[in-house]
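User: I am new to this structure. Please take a close look at its pockets and tell me what surrounds them.

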Amino acid sequence: MIEASTSVRHDIAERLARMVRVPTVSAERDIRGAEPFDAFRALLRELYPRVHDALTLEVFAEVGLLFRWTGRRSDEPVVLMAHWDVVPVDETDPWTHPPFSGTIADGRVWGRGTLDDKGQLCVLLDAVENLLAAGFQPERDVYLSLGGDEESHGKGAQETAAMVRERGIRPWLVLDEGGAVTDAPLPIVPLPAAMVGVAEKGVLTLRLDARGAGGHASAPGRELATTRIARAVRRLQRHPFPARLSTSSRAMFSHFAEHTEGRPRRITRALAGVPPVTARVLAVLGGEPAAMVRTTVAVTMLAGGTASNVLPSQASATLNVRLAPGDSIANAVARIRRVIRDPQVSVSVVEGTEASPESATDNAQWALIRSAVSETYPEAVTVPYVQMSATDSRYYHVFSPATYRFAPLLMTQRQRDAIHGVDEVVTIDSLERGERFYRHLIRSIPA
């Protein structure tokens, strides 16, 4: 049961708008300095005084904030996560409202971070502040793990999770960003769905390097460093990783089949029943459907050469690889080397995190999330899926089997496309529902 609305603070949109106005761009910290991050922490103290007075706070790697809310039992706590840094903005992009203005207009809050991930941070902290105001104590300890560098590989969350593990703390539930409530999860499924990530793709950065003789561009040889890299990239594009349907994706289609009728039900039931065929169909569709069923390789950086009339003696390409559940870093690297088929092109691992295991959907943790969704988005069905982008929860899932990824905010396809893009925006109604989601979830944590 959710307490009376008289204990709930209003103006959640204004609190989020103030957060957006602080440009906590972690990738530009060397340029902007620490001031925006210090200012944001001071703003959190101002906006959430009860959280800071009633919960203990530890800081890791300067930007990893870990609040502990003491419950009636301290073993197997709940870890609720969000991050407060954002990605850079190209100032020449045509934003409807300036990206760091935090404009409130048309029933929405506009600006960088409204969805990723200050909106989630805001509704989480609002819920805790409201529960504290009502004198509530959770059944279990609740940790708020708030990262300030998630968009720059998450060292804060990494050190925070390492500390939690070193202290022998095994979370009962970890819930981070990831999925959301969407109006149409797939073109063939016209129903609102709360997409909860039960698994997360691994992240792998590879570098391809080739060397050549160099020399004057007026007399190029047959095998240049740039030619080798271009050929390697082309081979990778022509030979993508094989497609297969994970357990989570098959469960997703089964859930859709249970909650649809007519043609959508027949299609989703068929897709759940023939995984190999379904994987091939989704792979052909490309984009998000294809990424759902295979390890993907994206060439994100190319380099080589020093002048327009000089043959480059070396060239390189950087690959961003997203590992599907079931694939490993070692196997992916071996396959990429086989596909390139050029011993003169070296493949080296810059950094990598393995794909996560798949969390269960038949346990009390899943039921708790589903209950909170039903309380705040009664029109939506709760559905498992594979999270394709990386989250800070990857540092917890290695020792916490019940790790899920879900932001309790409504995101249309257009809104999802604006994440890391132009005109990021969240509705005020969605923020209010998100706060109720966390309030219900925390109040319903079992002993």
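Analyst: The answer below starts with the pockets and then turns to the strands and helices around them.

This is a predicted model, in which local features need pLDDT of at least 70, side-chain atom pairs count only at pLDDT 80 or more, and totals for chains, interfaces and linings use all residues. Residues are numbered from 1 along each chain as its sequence is written, and side-chain values use heavy atoms, with hydrogens and water left out.

Some terms come first. Rolling a probe the size of a water molecule over the atoms shows where empty space is left. Here a 1.4 Å probe is placed on a 1 Å grid over the protein atoms alone, and a pocket is an open set of points with protein on both sides within 12 Å along at least five of seven lines. A lining residue has an atom within 4 Å of a point. Grid points are joined across faces, edges and corners, and a volume is the space filled by probe spheres set on the points. Helices (H or I, at least four residues) and strands (E, at least two) are DSSP runs, numbered from the N terminus.

The largest pocket holds about 1,500 Å³ of space. Its lining counts 50 residues, and those closest to the centre are Arg322, Gln387, Met388, Ser389 and Ala390. Several elements each supply at least two lining residues, including strand 9 (202-211), strand 13 (314-323), strand 14 (345-353) and helix 14 (413-418). Strand 7 gives the most, with 5 residues. By class, this lining has 21 nonpolar, 18 polar and 11 charged residues. Nonpolar covers Ala, Val, Leu, Ile, Met, Phe, Trp, Tyr, Cys and Pro; charged covers Asp, Glu, Lys and Arg; the others, Gly among them, are polar.

Two strands count as paired if DSSP finds at least two bridges between them. Strand 13 has 10 bridges with strand 9 and 8 with strand 11. Asp209 has Ser316 of strand 13 as its bridge partner. Leu302 has Ala317 of strand 13, and Val299 stands opposite Leu319 of strand 13.

Why is strand 13 largely enclosed by the rest of the structure? Because 8 of its 10 residues are buried. Buried means under 20% relative accessible area, exposed over 50%, and partly exposed in between, with a 1.4 Å probe and protein chains only. Pro343, in the loop between helix 12 and strand 14, is exposed at 79% relative accessibility. Pro343 and Ala210 are 133 residues apart in sequence, yet 9.4 Å apart in space, C-alpha to C-alpha.

Now the second largest pocket. Its volume is about 290 Å³. Strand 5 (108-110), helix 14 and strand 17 (425-427) each give two or more residues to its lining. Helix 14 has the largest share, 3 residues. Among the lining residues are Thr96, Arg108, Trp110, Arg414 and Val425. By class there are 5 nonpolar, 4 polar and 3 charged residues.

Strand 5 and strand 17 pair over 3 bridges, and Trp110 stands opposite Val425 of strand 17.

One backbone detail remains. Most residues other than glycine have a negative phi, and most peptide bonds are trans. Asp106, in the loop between strand 4 and strand 5, has a positive phi of about 60°. Asp106 is exposed, at 63% relative accessible area. A cis peptide bond joins Asp116 and Asp117, with omega about 0°.
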